[in-house]
Structures are given as structure tokens and as C-alpha cells.
Amino acid sequence: MATNTIPDITLNDGNTIPQLGFGVFQVEPRDTVTAVREALRIGYRHIDTAQMYGNESEVGQAIRTSGLEREEVFVTSKLSNAFHRPDDARKAIQSTLDELRFNYVDLFLIHWPLPTLYDGDFVSTWKALEEFRADGRARSIGVSNFQVPHLERLAAETDTPPAVNQVEVHPYFGNEQVRAYGREHGIVTEAWSPIAQGKVLGDPVITGIAGKVGRTPAQVVLRWHIQRGDVVFPKSVTPARVAENFAIFDFTLDDDDMARITGLDRGETGRQGAHPDTFDWMPA
Ligand SMILES: NC(=O)c1ccc[n+]([C@@H]2O[C@H](COP(=O)([O-])OP(=O)(O)OC[C@H]3O[C@@H](n4cnc5c(N)ncnc54)[C@H](OP(=O)(O)O)[C@@H]3O)[C@@H](O)[C@H]2O)c1
């Protein structure tokens, strides 16, 4: 049996990322310091936030008051949909650093491709992120919610491949084409909503495997992601669940159980979140 140590994954720029992190989407700012402090206390060393989550400042506060060194925690943030124009993006990364009160983020992502906005130009936005990597404000850069044609366009028109692509993936939505592109091109897939915000946890296949291996449904689903090689950062404001979601490195699923979970994929109908080709939400 392995110990409960979180593996690091090496990115295509040579940096490493802890494979398990803690997500803070929909964590209210007033709850964020407590939630992140609890996650760090349990042992998480990777926090996934975003400008549009409105809680970067509290994430920074939690880390700064945790007793850990800045270098011990991997922090991701993401560019708001409102700031895709390069001049706006340049101000926005500084705003992220000011909110966090850090002088770098470990990973900075374009949150959504927004192909129907900004004349479909996410390429110049990406070139701005290349600047942030060059000047050290972002140690790694990547994208989120990019479909294969979006990734192909970046490959054709820019010099730097994204280190990661953070996309919706869970047993009901395998997102296999996007994952396969990442595998073939050295882009790590980060699986958002890894337990589909709880919707997969009552599935009889999942509960059956959970009963068999003596683990909870959430642990089984998170373990499935880990064995597929994706990065995950489940969100919870419930301390017992934060601990439960962390305890996934001392058991394994066999090939048959892995295949049965993968077989739950419902294709496009399993998608819970917005479709990246049409999503055009703009914060006020
Ligand atoms: N890039 C993007 O566009 C994007 C989009 C969505 C999410 N994300 C990232 O991915 C992270 C995770 O996704 P998510 O927050 O949408 O969903 P998720 O992690 O799949 O699920 C979170 C929900 O499941 C519950 N939960 C957590 N652990 C549980 C457990 N062990 N047993 C039962 N229920 C449990 C939580 O409840 P409680 O909190 O009440 O405990 C919460 O309601 C986000 O926080 C964010 O960092 C990124």
C-alpha cells in the first residue's frame, strides 16, 4: 500500500504541480480563509482560484497566515472573461498578485476561450500570458475550457504550448477528445467538477465499487481521476469531506473497476457546465 503522499506531475515547462488540490469556486469570500486554512492543515498544497471567484484576497490571506512558506503552496488563478484584451490582461495579472499579496502565481490560465467575443481572438490574450511567464509573474501558463480547435489554433499561431488545460471531466462526462489531444501534445488535463458537484456519487456503479473497496463514493471517483493521470481539486466547505477527499493515495482501483467507471460516460449529455464554444458570460 502506498502512503498518503500527493504525487507531483511534471508540466511541459519543467515545473511540477501537485496532482491533488483544493478548489474554491463558489466558496463565499467570508468562508474562504477558514476553508483554505483547513485544507492546508489537512495537507493540501495546491489551491485553485480565479479572478471571477471573487476570493483571491482570502486565498492569499489563508496561505500567508498558515505558517507555510509561499513556495510550499502551488497557487493557480485565472484571467477574468472581462480582461481578454492584452492591455486589460496586463493589468489583471497585477490585480491578482495584489489581491493575493504574492509576487508570482504558480499557474495563470485563460479561464474561458470566449470564441464568440473579442472577434474570436484568444491568441493575443495567450501572447499576453507568454509575457507574464517571461517576466516571472506566472511560473507556468495554461488555458481552461479550450476545445481541440482552440488548442490547434494556439499551436499554429503561438510559440508556447499551454502547460495545462482545465476542463470539465467526471464519470458522466469523460471529455475524451480534449483529454486525448492533451496527452498527445504534452498538455496536462485538469479535471474540474471532478465529482460533478456530487451528482455522480449516488450512481450504483460508483456506490457498488465503493462498498467493495471499503471507500466512499467520492474517494472512488477521485481515485479514478488520479489513476487516469489528471489533476483534480475537489471543492468542499465541509471539513470531514475535505479530509475524505484527501485520503485517496493508500488504495487502488483495479482495471475492471476503472473501466466500469469510464463506461459511465454519457457524452455531451453528461456535461453539467457551460459549453466552451458558446459560453459568453461577462462579469458585471
Ligand atoms: N475552469 C472552470 O471553468 C471551472 C469550472 C468549475 C470548477 N472549477 C474548479 O474545479 C473545482 C471543483 O469543481 P466544483 O467545485 O464545481 O465541483 P466538485 O468539486 O465536483 O463538487 C463540489 C460539491 O460537492 C460537494 N462535495 C465535496 N466533497 C464531497 C464528498 N466527499 N462527499 C459528498 N459531497 C462532496 C461539495 O459540498 P460542500 O462544499 O457543501 O461540502 C460541493 O457541493 C472548483 O472549486 C474550481 O476550482 C473550474
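Which elements cover the buried residues of helix 3? In this predicted model, the cover includes helix 2 (56-64), strand 5 (74-79), strand 6 (105-110), helix 4 (123-134) and strand 7 (138-144).

**Helix 3**

- Helix 3 spans residues 86-100 and has 15 residues. The distance from its first C-alpha to its last is 21 Å, close to the 21 Å expected at 1.5 Å a residue.
- Ala89, Ala92, Ile93, Thr96, Leu97 and Leu100 are the buried residues of this helix. Viewed down the helix axis, the buried residues fall within an arc of 135°, so they line one face of helix 3.
- Asp87 and Lys91 are exposed, on the other side of the helix.
- Arg101 follows helix 3 and has a positive phi, near 60°.

**Ligand surroundings**

- The ligand is surrounded by 28 residues, of which the closest are Asp48, Ser193, Lys235, Ser236 and Thr238.
- In the side chain of Tyr53, an N or O atom is 3.5 Å from a nitrogen atom of the ligand.
- The side chain of Asn145 places an N or O atom 2.9 Å from an oxygen atom of the ligand.
- For Pro194, a backbone N or O atom lies 3.3 Å from an oxygen atom of the ligand.
- On its own, the ligand has 900 Å² of accessible area, and the protein covers 89% of this area.

Technical notes: Residues are numbered from 1 along each chain as its sequence is written. This is a predicted model: local features need pLDDT of at least 70, side-chain atom pairs count only at pLDDT 80 or more; totals for chains, interfaces and linings use all residues. Side-chain values use heavy atoms; hydrogens and water are left out. Helices (H or I, at least four residues) and strands (E, at least two) are DSSP runs, numbered from the N terminus. The expected span of a helix is 1.5 Å times one less than its number of residues. Buried means under 20% relative accessible area, exposed over 50%, partly exposed in between (1.4 Å probe, protein chains only). The arc is that of the directions from the helix axis to the C-beta atoms. Contact means heavy atoms within 4.5 Å. A residue is near a molecule or strand if one of its heavy atoms lies within 4 Å of it. A polar contact is a pair of N or O atoms within 3.5 Å; within protein, one must be able to donate a hydrogen and the other to accept it, and residues adjacent in sequence count only if both atoms are side-chain atoms. Accessible areas come from the Shrake-Rupley method with a 1.4 Å probe; for residues, only the protein chains shown count as cover.
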